[in-house]
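Subject: Structure for your review

Hello,

Here is the structure for your files. My notes on it follow below.

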Amino acid sequence: MNSGFILSWIDYSVMIIYFAFVLGIGWALKRYMKDASAFLEAGRSMPAWVAGLAFISTNLGALEVMGMTGSGVKYGMLTTHFYWVGAIPAMVFLAMFMMPFYYGSKARSVPEYLKLRFDEKTRGLNAILFAVMTILASGISMYALAILMEKVLGWNFHLSLILSAAIVLAYTYLGGLSSAIYNEVLQFFIIVVGLLPIVILSLKDVGGWHGLQQSLAPIVSSKGFAPDTWTTTWKYTGSAAANPMGVEWYGIFVGLGFVLSFGYWCTNFLIVQRAMSAHSTTAARNTPLIGAIPKMFIPFLIIVPGIVALVLMNTPGKGFTLPLNAAGQPIYDYTIIMLLKQYLPAGVLGLGITALLASFMSGMAGNVSAFNTVWTYDIYQSYIRPATNNKAIDDKHYLFVGRMATIFGVLVSIAAAYLASLFGNIMDFLQTIFSMVNAPLFAVIFLGMFWKRGTGHAAFAGLLAGLLVALLHHGLTFPAGADTLVKGGWITHLHAYPVEMAQSFWTAIFACSTSTLVTVVVSFLTTQKKSDQELTGLVYSLTPKLNEEAVPWYKRSSTLAIVVLTLVTILTILFW
Amino acid sequence: MGIDIKIPIGLMFTILGLLLTVYGFITRSDAALYTVSLGINVNLWSGLGMLVFGLLMLALSIKSKKQKPQ
């Protein structure tokens, strides 16, 4: 299938200029890469606004953009729950309560924090799971990119795969984490600029927000929902049957707003690494808060056009259709691409496609730059070649290892991409399983930071137990209408959820609760081997409170946090 | 680290902005090209927007360089 995109010289010029800058940034940073810390930690030198935009940009991968626009078609403004309740509170919590320990402990990664706070085996388990998960995620996103280029632009699958991998490898090899972060900032702006014309044009086409509400009413009513379901967020969450997500308000609140989002935003090293690269504790705390501001407005950029697409699909004169998959179902993930085609003439079309390509590559670069850090510090330095007394030699050696890990990471990603093209279902399954790793991890890190009694054995047991319960729950339950075992129910069909999302919420809730329970119980059964002195800087009650008095009031994290929470409350009320 | 990110961002958006502005200006009477975008010359408007943003970034980078002479 070729969706019939014809790009002209102007579109290719935009693309080429963008990639010239991407590679140029890597090249310009090359001479600063003198040791492992510069390469893997960006020398802890980033201003808060750069780290903050990178923080949000890492998460704004193309799979997210495509998926969220598709969700806009399927669920309407309910999709904003992934942003307003499902991200902002967790980001504020990370900033205010967790960053001081991540940053202040001088840990270079999340697994290293686990080592400092708990013990070696907890770090090992987390490091290995994270390394495998990150590379798989990178491979899956490369695969999706190559498929997209093949279907939309008619480019060769293999060539797209190798070319995009080569560009990512080039700039992460040259400039390490700094290069990845700078390019994420560049990508953030190009996504906004590239997608903004679609938002404006699509809304204008249906007569603005008011016109959109009116055109939606008959379409939504015919699906059996209240006419304004697609343009409200909480109004119809009183019962699962009244909204297309099939989840009640408490499922959203606890599952998405607490377990899933805190698990993702507060423990995922890919994300936390951006904040750790900041130049000071205040900057590190401000990173997620600065990121939170664009984050809460992203729904207007990617979800609203999806809602307009639903109207277009149901208005015969518009000539808007989504491509169908083998089963004859529309591929919702392609909504954003079909909108690009619908509204953009040559010129801005190149910009829009560049924005998508950019988000794919920066997602990949983010994965690779997190992988090489965890590999070098938490696996190689811990188990293969520990640091010696000679710092100069070590610095050089670990820089070399970091660079090799970058090459290795990209190569394995390519292999994973080919695996995904052969066994798409297995990759989906693995990704589902790994998404379960975060919820137990949050329970363990949370207890570690706020309860000094938590022990190493307990943390390890808690992580394992949480993971096993997640697996078990996934094996025993399935979403209604599931046709593959990847979706669950591979042990037996004990319980059916109305939709997949409800299943994943509850998987996370069970995993997180189990992990908390096991960690607490085992902590009481074992003795705390770490002294209070060793735990200073790692646990809340043993760490001196941060004093922000030297910082002007408008730069304080608490001020920013209040601004962020006020804004998100206003948005929630406006779109209730 | 090392470079001020405002410079590459500013340069890139200035160049892309110029490119699209000029392209939009040349194609301003090409009605067929802009039927998809509801008759709006999006190249011209996007181009101008990017140009302003790019120049603003460059201005900010010059300002922060003056503040911290090194």
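**Two crossing helices in chain A**

In α3(A), the residues A:V50, A:A51, A:L53, A:A54, A:I56, A:S57 and A:T58 meet A:I181, A:E184, A:V185, A:Q187 and A:F188 of α8(A). Here two residues are in contact if their C-beta atoms, placed from the backbone, lie within 7 Å. Helices are DSSP runs (H or I, at least four residues), numbered from the N terminus. By class, this contact has eight nonpolar residues, three polar and one charged. Ala, Val, Leu, Ile, Met, Phe, Trp, Tyr, Cys and Pro count as nonpolar, Asp, Glu, Lys and Arg as charged, and the others, Gly among them, as polar.

α3 (residues 48-59) and α8 (residues 157-205) of chain A pack at an angle of about 75 degrees, with their axes 8 Å apart. The axes are lines fitted to C-alpha atoms over the stretch in contact, and angles run from 0 to 180 degrees between N-to-C directions. α3(A) is therefore roughly perpendicular to α8(A) (65 to 115 degrees).

Please note that this is a predicted model: local features need pLDDT of at least 70, side-chain atom pairs count only at pLDDT 80 or more, and totals for chains, interfaces and linings use all residues. Residues are numbered from 1 along each chain as its sequence is written, while chains are lettered from A and ligands numbered from 1 in the order in which they are written.

**Helix α4 of chain A**

Of the 14 residues of α4(A), 10 are buried, including A:M66, A:G70 and A:Y75. A residue is buried if 20 or more other C-beta atoms lie within 10 Å of its own, exposed if 12 or fewer, and partly exposed in between. The cover over the buried residues includes α7, α12, α13, α14 and α15 of chain A. Just after α4(A), A:G76 takes a positive phi of about 65 degrees.

**Positive phi outside glycine**

A:K106 is not a glycine, yet has a positive phi of about 65 degrees. A:K106 sits in the loop between α5 and α6 of chain A and counts as exposed because it has 12 C-beta neighbours inside 10 Å. B:L38, also not a glycine, has a positive phi of about 60 degrees. B:L38 lies in the loop between α1 and α2 of chain B and, with 13 C-beta neighbours inside 10 Å, counts as partly exposed.

**Where the chains meet**

Chain B puts 22 residues in contact with 33 residues of chain A. On the chain B side, α1(B) gives the most, with nine residues. That side divides into 17 nonpolar residues, five polar and no charged.

Regards

Technical notes. Parallel < 35°, antiparallel > 145°, perpendicular 65-115°, else oblique.
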